[in-house]
Amino acid sequence: MSDDKLPEAHDASEGHGAHVAVADDPFADPGLPPHEPRRTDIDERAAKRAERQVSLLFVTSMLATIGFIASYVSIPKAKIVYIFPLGHVSALNFALGLTLGVALFCIGAGAVHWARTLMSDVELPAERHPIEADDEVRADVIQQFKTGAAESGFGRRKMLRNTMIGSMALVPLSGVMLLRDLGPLPEKKLDSTGWSEATPAAPIRLVNMNTDEPLKPEDIATGSLTFAMPGPSASRPNGLQESDEDFQQAIAKDALMIIRIQPEDLKDAKSAALGVEGVLAYSKICTHVGCPISLYEQQTHHALCPCHQSTFDLSDGARVIFGPAGHPLPQLKITTDSDGYLVATQDFAEPIGPSFWERA
Ligand code: FES
């Protein structure tokens, strides 16, 4: 191989285009190619034009974000439109996707265009150095940062800087708008249950959730666990039915656990007074984060929530004896009507379910 075919070694200290021929080293660092100024480096009008293009991209991003918000509040969820070649699509989803995509793309494209046309493109070889920088290196980095900031035109090109800041500031609003999809606030809906319609003059019967039959105290065997829901009431003449449109919402608040405990095993007199003949009705909804409780240990009278193992002593006012639940299960006051059926004459004395509902 002749010497003129061999690569050249680069002396980094000499910057761009400094090449040193090394005849006996075929693996020598070929070095950096000579720096060629871009048009924007030598023509201020071209630089201005590039600046306007970058700013236009950032402004487009801002408009797209505003379009995202306008679409979110103005386009009905059910509106369907035909978009070629996608076919029939949700107008809201299409508009949100399009505007958010444009907003993010324009920020990215603006940043790339800025870097390629206006920021310094001088390549600097980075020498290996110890990981821990000494003071001199730190000072050098800070100086390089300042130089880079100055060369990027961030301080000098005010229009470009301001539009970039504007687009970056607006784009997070898209995420804020989506918080609305967390749904309407529950307001007072969680404060009461379907049992709230019960009064001494118009009691509501406790109905077995499996058989749909009203319950009597003698139906509840000691050691058994029965699930119940509200029977007929003024607003639901047929009682709560699975076919009801709001069944899931209603049962998530109204479901009861019915147990019978021998009077001598009851530790809490106040809880015993809320029952009838040792039959007690507790909310089935765990006070931790609202799982339905379904495990009952008849010897200890402990109810166990399967989600995070909160354990409630049903013989002691459903006191929490283990787990993350914050307070006892609410108990529904029950009695019997003239036909001997178990009835409620009032709602729970406190909101059922997770503690935060009560605090909200
Ligand atoms: S929901 Fe019951 S313990 Fe967490």
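Predicted model: local features only at pLDDT ≥ 70, side-chain atom pairs only at ≥ 80, totals over all residues.
Asp316 sits in the loop between E11 and E12. Is Asp316 buried or exposed? Its relative accessibility is 16%, so Asp316 counts as buried; the cut-off for buried is under 20%.

Now to the sheet around that loop. The strands on either side of Asp316, E11 and E12, belong to an open sheet of 4 strands, in the order E9-E10-E11-E12, and the pairing is antiparallel. Which are the edge strands? They are E9, residues 295–297, and E12, residues 319–322, each of which pairs on one side only. From one strand to the next, the twist averages 30 degrees. Inside the sheet, E10, residues 302–304, is joined to E11, residues 311–313, by 3 bridges, and these two strands run antiparallel. If you want a pair to look at on screen, take Ala303, whose bridge partner in E11 is Phe312.

You will find Gly278 in the loop between helix H8, residues 269–273, and strand E8, residues 279–283. With 11% relative accessibility, Gly278 also counts as buried, because the cut-off is under 20%. What does Gly278 contact, once neighbours within four places in sequence are set aside? The contacts are Ile259, Arg260, Ile261 and Leu266. Gly278 and Pro263 are 15 residues apart in sequence, and their C-alpha atoms are 5.6 Å apart in space.

Two of those contacts, Ile259 and Arg260, take us to strand E7, which covers residues 256–260. E7 is joined to E6 by 3 bridges, and the two run antiparallel. Here Thr226 stands opposite Ile258 in E7. E6 also has strand E5, residues 204–208, as a partner: 3 bridges join them, again antiparallel. On that side, Leu206 has Pro230 in E6 as its bridge partner.

Strand E3, residues 80–83, and strand E4, residues 87–90, pair in the antiparallel sense over 4 bridges. The hairpin they form has 3 residues between the strands. Val81 has Val89 in E4 as its bridge partner.

Last, the helices. The axes of H2, residues 44–74, and H5, residues 158–170, come within 8 Å and cross at roughly 25 degrees. That angle makes H2 roughly parallel to H5, because angles under 35 degrees count as roughly parallel. The crossing of H2 and H5 is left-handed. Which residues meet there? From H2, they include Glu51, Arg52, Phe58, Met62 and Ile66; from H5, they include Met159, Leu160, Met164, Gly166 and Leu170. Sorted by class, the contact between H2 and H5 has 9 nonpolar, 6 polar and 2 charged residues.

Terms used: Residues numbered from 1 in each chain as written. Heavy atoms only, no water. Axes fitted to C-alpha atoms, helices over the stretch in contact; angles between N-to-C directions. Parallel < 35°, antiparallel > 145°, perpendicular 65-115°, else oblique. Left-handed = near helix turned anticlockwise from the far one by under 90°. Contact = heavy atoms within 4.5 Å. Nonpolar A, V, L, I, M, F, W, Y, C, P; charged D, E, K, R; others polar. Pairing = 2+ DSSP bridges. Buried < 20%, exposed > 50% of the residue type's maximum accessible area, 1.4 Å probe, protein only.
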